Each structure stands twice: as structure tokens, then as C-alpha cells.
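Here are some questions and answers on the packing and surface of one protein model.

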Amino acid sequence: MEGFFGLLACHVGVVFLLLVIGWLVSSGRSVPGIYYGIFIFVLGIGLFQLTYVVPLCIWLRRQRKLETLKGVMDAAIFTFLLCVGGFVLLTASL
């Protein structure tokens, strides 16, 4: 469970960063600009996740911490499914 909650804690920082980036992109724009900011947020979490989850999984595998690795992979899959759901809702509303 430590891998699951550890990765979710990392996601909190990434979500905050992406919210700031999305707000900066969409500030001062009309309604399509707001959708563009949300689009950056939904796709950005998946791209940022690749930059730190894959190396973390490789490192945990080399350290033989397989239970932690399972938790990290579960959290990554959970995040991916949430992002896919958000992307589907976003594109369906356009």
C-alpha cells in the first residue's frame, strides 16, 4: 500500500502544477480557451506520469521491492483510467 499512496501523493503535486499551467493558458480567453486549459490538464497528467512512474518502476524492480512496485502500478492504472474517463467526458461535451 505504500507504493499506491506514495504515487498518489506525487500526483497531488503534478495536479497542482497542471492546474496552474491550465489556468495560465486559459486566463483572459473565451470559453474555448477554458476547454483548452482543461484539455492540457487531462492529457498532461498522463504525460507527466510517464516521466516519473516508469523510472520509479524500473528502480523498484532492481531493488526487489515487488510489493511496493505492485502498489505503484495499481495507482498508475487507477490514474490512467480516471484520465481516460475525463478525456471522454471532455470530448463528448465539445
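Contact here means heavy atoms within 4.5 Å. The model is predicted.

Q: Which residues is Ala75 in contact with, leaving aside its neighbours within four places in sequence?
A: Residues within four places in sequence are left aside. Contact needs heavy atoms within 4.5 Å. On that basis the partners of Ala75 are Phe4, Leu7, Leu8 and His11.

Q: Is His11 buried or exposed?
A: His11 lies in helix α1, residues 2-26. Buried means under 20% relative accessible area. His11 has a relative accessibility of 5%, so His11 is buried.

Q: Is Thr68 buried or exposed?
A: Thr68 is in helix α3. Not counting residues up to four places away in sequence, Thr68 touches Glu2, Gly3 and Leu60. The cut-off for buried is under 20% relative accessible area. With a relative accessible area of 15%, Thr68 is therefore buried.

Q: What is the area of the nonpolar surface patch that includes Ile77?
A: Ile77 is found in helix α3, residues 66-93. Phe80, Leu81, Val84 and Val88 make the patch together with Ile77. The area of this nonpolar surface patch is about 470 Å².

How values were computed:
Residues are numbered from 1 along each chain as its sequence is written. This is a predicted model: local features need pLDDT of at least 70, side-chain atom pairs count only at pLDDT 80 or more; totals for chains, interfaces and linings use all residues. Side-chain values use heavy atoms; hydrogens and water are left out. Patches are made of residues with over 30% relative accessible area and no salt bridge: like charges are joined within 9 Å, nonpolar side chains (Val, Leu, Ile, Met, Phe, Trp, Tyr) within 5 Å. Accessible areas come from the Shrake-Rupley method with a 1.4 Å probe; for residues, only the protein chains shown count as cover. A salt bridge is a side-chain nitrogen of Lys or Arg within 4 Å of a carboxyl oxygen of Asp or Glu. Helices (H or I, at least four residues) and strands (E, at least two) are DSSP runs, numbered from the N terminus. Buried means under 20% relative accessible area, exposed over 50%, partly exposed in between (1.4 Å probe, protein chains only).
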